[in-house]
Amino acid sequence: MGDQVRQQWVPVIGTGEGVWSWVHIEDAAAATVAALECAPGEYNIVDNDPTPQRLWLPAFARAVGAPEPPTVTEQQALDTFGADAVYYAMRLRGASNEKAKRELQFRPRPLEWL
């Protein structure tokens with residue numbers, strides 16, 4: 001992903017309102033260990049602050065030493081990248097980690113690069 005962003009292959013699409021959830025690798029590992037001792041089920045192991053593409057993508061670009069990502073219209077993205085890319089960039093909604101916090105005592109750290 002870093003290489004794609006550095007080569008400017010990943011644009012902000014439209015208004016970049018798609019909301020993404022992230023997690024630090026150490027938090028994901030700790031949640032995995034905690035899940036071994038809890039009731040079976042699905043848990044969203046994500047941060048507390050889902051972030052729109054228009055914010056996380058430029059922050060990610062800075063973190064990997066890439067230039068500011070280009071911006072394209074929704075139609076340009078449909079034509080070039082397809083409907084899935086437009087969905088993720090403009091319509092995706094962040095996940096809730098409430099069940100993991102409650103049942104696994106999951107406490108994700110703030111992501112420093114955002």
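Which residues line the largest pocket? The lining consists of Met1, Trp9, Val10, Pro11, Ile13, Trp20, Gln53, Trp56, Phe81, Ala85, Tyr88 and Ala89. The structure is a predicted model, in which local features need pLDDT of at least 70, side-chain atom pairs count only at pLDDT 80 or more, and totals for chains, interfaces and linings use all residues. Residues are numbered from 1 along each chain as its sequence is written, and side-chain values use heavy atoms, with hydrogens and water left out.

The chain contains six helices and four strands. Both are DSSP runs numbered from the N terminus, helices being H or I with at least four residues and strands being E with at least two. Their order along the sequence is α-β-β-α-β-α-β-α-α-α. The C-alpha trace spans about 45 × 30 × 20 Å along its principal axes. Of the 114 residues, 32% are buried. Buried stands for under 20% relative accessible area, exposed for over 50%, and partly exposed for the range in between (1.4 Å probe, protein chains only). Contact stands for heavy atoms within 4.5 Å. Among contacts between residues at least 6 apart in sequence, 86% join residues at least 24 apart.

The largest pocket has a volume of about 210 Å³. Rolling a probe the size of a water molecule over the atoms shows where empty space is left. The search used a 1 Å grid over the protein atoms alone; a pocket is an open set of points where a 1.4 Å probe fits, with protein on both sides within 12 Å along at least five of seven lines, and lining residues have an atom within 4 Å of a point. Grid points are joined across faces, edges and corners, and the volume is the space filled by probe spheres set on the points. The lining divides into eleven nonpolar residues, one polar and no charged. Here Ala, Val, Leu, Ile, Met, Phe, Trp, Tyr, Cys and Pro count as nonpolar, Asp, Glu, Lys and Arg as charged, and the others, Gly among them, as polar. Helices α3 and α5 each supply at least two lining residues. The largest share, three residues, comes from α5.

Helix α3 covers residues 53-63, and its buried residues are Gln53, Trp56, Leu57, Pro58, Ala59, Phe60 and Ala61. The buried residues of α3 pack against α1 (2-6), β1 (12-13), β2 (19-20), β3 (51-52) and α5. After α3 comes Gly65, with a positive phi near 70°.

Six salt bridges are found in the whole structure. A salt bridge places a side-chain nitrogen of Lys or Arg within 4 Å of a carboxyl oxygen of Asp or Glu. One of them joins Glu74 to Arg91, with the closest N and O atoms 2.7 Å apart. Glu74 belongs to helix α4 (residues 74-80) and Arg91 to the loop between α5 and α6, so the pair ties together parts that are 17 residues apart in sequence. Glu74 is partly exposed, at 28% relative accessibility. Arg91 is also partly exposed, at 40%.

The loop that holds Arg91 runs between α5 (83-90) and α6 (98-104). Residues up to four places away in sequence aside, Arg91 touches Gly18, Glu74 and Val86. Its side chain makes a polar contact with that of Glu74 at 2.7 Å. A polar contact is a pair of N or O atoms within 3.5 Å; within protein, one must be able to donate a hydrogen and the other to accept it, and residues adjacent in sequence count only if both atoms are side-chain atoms. Gln105 lies 14 residues from Arg91 along the chain, and their C-alpha atoms are separated by 30 Å.

Further salt bridges were identified. Glu98 and Lys101 meet at 3.2 Å, N to O. Both are in helix α6, three residues apart, so about one helical turn separates them. Glu98 is partly exposed, with a relative accessible area of 44%. Arg102 pairs with Glu103, the closest N and O atoms being 3.5 Å apart. Arg102 is exposed at 54% relative accessibility, whereas Glu103 is partly exposed at 33%.

Salt bridges also link Glu26, Asp27 and Arg109 in a network. Asp27 sits in helix α2 (residues 25-35). At 8% relative accessibility, Asp27 is buried. Beyond its neighbours within four places in sequence, Asp27 contacts Ile45, Phe106, Arg107, Pro108 and Arg109.
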